[in-house]
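Subject: Handing over the structure

Hello,

I am passing this structure on to you. Please open it first, then read the notes below.

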Amino acid sequence: MTSDQRFMQLALALGRRGQGRTWPNPAVGAVIVKDGVIVGRGWTQSGGRPHAEPEALARAGEAARGATLYVTLEPCSHVGKSPPCADAIIAAGIARVVSAVEDPNPEVAGQGHARLRAAGIAVEVGLCTEEAARDHAGHFLRVREKRPHVLLKLAVSADDRIAAAGHRPVAITGETAKARVHLLRAQSDAILVGIGTVLADDPLLTCRLPGLEKRSPVRIVLDRALRLPGDSRLIHSARETPLWVMTSSTSDARAAMKLGGAGAQIMRVATTETPPGLDLQAVSNALSEKGITRLMVEGGARVASSFLAAGLVDEIWLLRGPQEIGLGGVAALDTQPFSVITQSPRWRVRATETLDRDTLTIYERRL
């Protein structure tokens with residue numbers, strides 16, 4: 001590994017610290033190096049500002065002059081809620097910029113790199129591009145397709161079931177796997193479930209890892225007819241952790257007012273007739289408009305099947321426990337065989353991991 005690669009890997013790791021906290025902005029990392037020594041580092045802060053580059057420049061101070069900046073996404077060149085990062089880099093006297101990938105945002109789209117080159121700064125683009133594109137996939141999809149990156153999390157038994165007969169909940173995975181899921185929640189902008197999961201499990205959907213309790217994502221419930229109980233844990237915690245309820249334009253107005261009064265935000269979207277339900281493309285577009293870039297879909301079988309059938313899943317985290325549930329158990333996917341994931345040419349295995357007695361397989365969509 002070259003020194004350039006090593007410093008870019010550090011920038012990528014720093015950027016990931018902001019995942020789940022920076023939306024609607026991408027979670028960028030930056031490292032400033034002079035004479036082989038790191039003199040500044042930064043990552044996009046909560047709420048999307050300050051950006052990574054000014055954070056790193058502030059730490060470097062005068063040492064930035066003549067140094068190299070490694071950054072995981074092209075520095076911005078437009079005036080938004082903060083001044084252009086490209087101008088701050090020029091003013092700091094940076095001599096060289098190594099950028100992982102160009103920003104597809106039309107307000108940037110190569111203009112940041114062009115401005116740096118025009119100022120006499122050496123600019124190199126394309127180091128660790130694949131990793132950077134994966135880290136910024138939500139930002140790229142929001143710009144290009146007006147939807148967030150969707151990660152589907154499934155926890156299944158050895159015989160591909162998610163619950164016992166009658167949708168009775170059963171423990172499928174152990175504590176190590178559950179901790180990994182909670183970390184994944186902290187790295188997501190939002191987490192989504194269907195009303196069936198809420199009625200069956202009464203989940204809280206927060207991150208409960210020690211020290212990360214404040215990094216819980218926005219909770220989203222697909223609830224076409226507004227059946228969300230007023231005494232659910234989601235409603236009781238709606239004023240502490242954001243809760244968005246997505247429903248149809250014809251759902252009961254009184255129920256909407258009641259849930260809204262309890263702290264939930266009601267979002268009305270289009271529906272589909274076959275199958276009956278909320279239009280998931282409309283759901284994705286609405287979440288993108290709200291700034292969501294990284295969406296974790298966590299349940300249940302109907303919601304998972306629907307997102308897969310709609311072609312809206314980009315990544316799958318499949319956690320498999322060692323025990324079988326047996327006859328009568330609820331299939332992991334409501335309307336499709338499980339082979340649409342495990343044996344489909346659409347998906348490739350990116351990584352596998354053992355978590356005590358459980359296994360984690362990460363699939364990503366083939367381009």
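Is the crossing of α2 and α3 left-handed or right-handed? It is left-handed. (A crossing is left-handed if the near helix is turned anticlockwise from the far one by less than a right angle, and right-handed if clockwise.)

Some ground rules before the rest. This is a predicted model, in which local features need pLDDT of at least 70 and side-chain atom pairs count only at pLDDT 80 or more, while totals for chains, interfaces and linings use all residues. Residues are numbered from 1 along each chain as its sequence is written, and side-chain values use heavy atoms, with hydrogens and water left out.

Helix packing

Helices (H or I, at least four residues) and strands (E, at least two) are DSSP runs, numbered from the N terminus. Helix α2 covers residues 52-60. Its axis and that of α3 are 9 Å apart, at an angle of about 20 degrees. (Axes are lines fitted to C-alpha atoms, for helices over the stretch in contact, and angles run from 0 to 180 degrees between N-to-C directions.) The two helices are therefore roughly parallel. (That label is for angles under 35 degrees; over 145 is roughly antiparallel, 65 to 115 roughly perpendicular, and the rest oblique.)

From α2, Glu53, Pro54 and Leu57 take part; from α3, they meet Cys85, Ala88, Ile89 and Ala92. Contact here means heavy atoms within 4.5 Å. By class, this contact has six nonpolar residues, no polar ones and one charged. (Ala, Val, Leu, Ile, Met, Phe, Trp, Tyr, Cys and Pro count as nonpolar; Asp, Glu, Lys and Arg as charged; the others, Gly among them, as polar.)

Helix α3 (residues 85-92) also packs with α4 (residues 111-118). Their axes come within 9 Å and cross at roughly 20 degrees. These helices, too, are therefore roughly parallel to each other. The crossing of α3 and α4 is right-handed. Ala86, Asp87, Ile89 and Ile90 of α3 make the contact with Gly112, Arg115 and Leu116 of α4. Four of these residues are nonpolar, one is polar and two are charged.

Salt bridges

The structure holds 21 salt bridges. (Each is a side-chain nitrogen of Lys or Arg within 4 Å of a carboxyl oxygen of Asp or Glu.)

Start with Arg147 and Asp314, whose closest N and O atoms are 2.8 Å apart. Arg147 sits in the loop between α6 (137-145) and β6 (149-156), and Asp314 in the loop between α12 (301-309) and β15 (315-320), so the pair ties together parts 167 residues apart in sequence. Arg147 is buried at 4% relative accessibility. Asp314 is buried at 10%. (Buried means under 20% relative accessible area, exposed over 50%, partly exposed in between, with a 1.4 Å probe and protein chains only.)

Next, Arg350 and Glu315 form a salt bridge at 3.2 Å, N to O. Arg350 is in strand β17 (residues 347-355) and Glu315 in strand β15, so this pair ties together parts 35 residues apart in sequence. Arg350 is partly exposed at 27%, whereas Glu315 is buried at 9%. Both belong to a network of salt bridges that also links Glu130, Arg134, Arg348 and Glu364.

Glu62 pairs with Arg65, the closest N and O atoms being 4.0 Å apart. Glu62 is exposed at 65%. Arg65 is partly exposed at 44%.

Asn105 lies in the loop between β4 (96-99) and α4. It is buried, at 17%. Leaving aside residues up to four places away in sequence, Asn105 touches His78, His139 and Val143.

Best wishes
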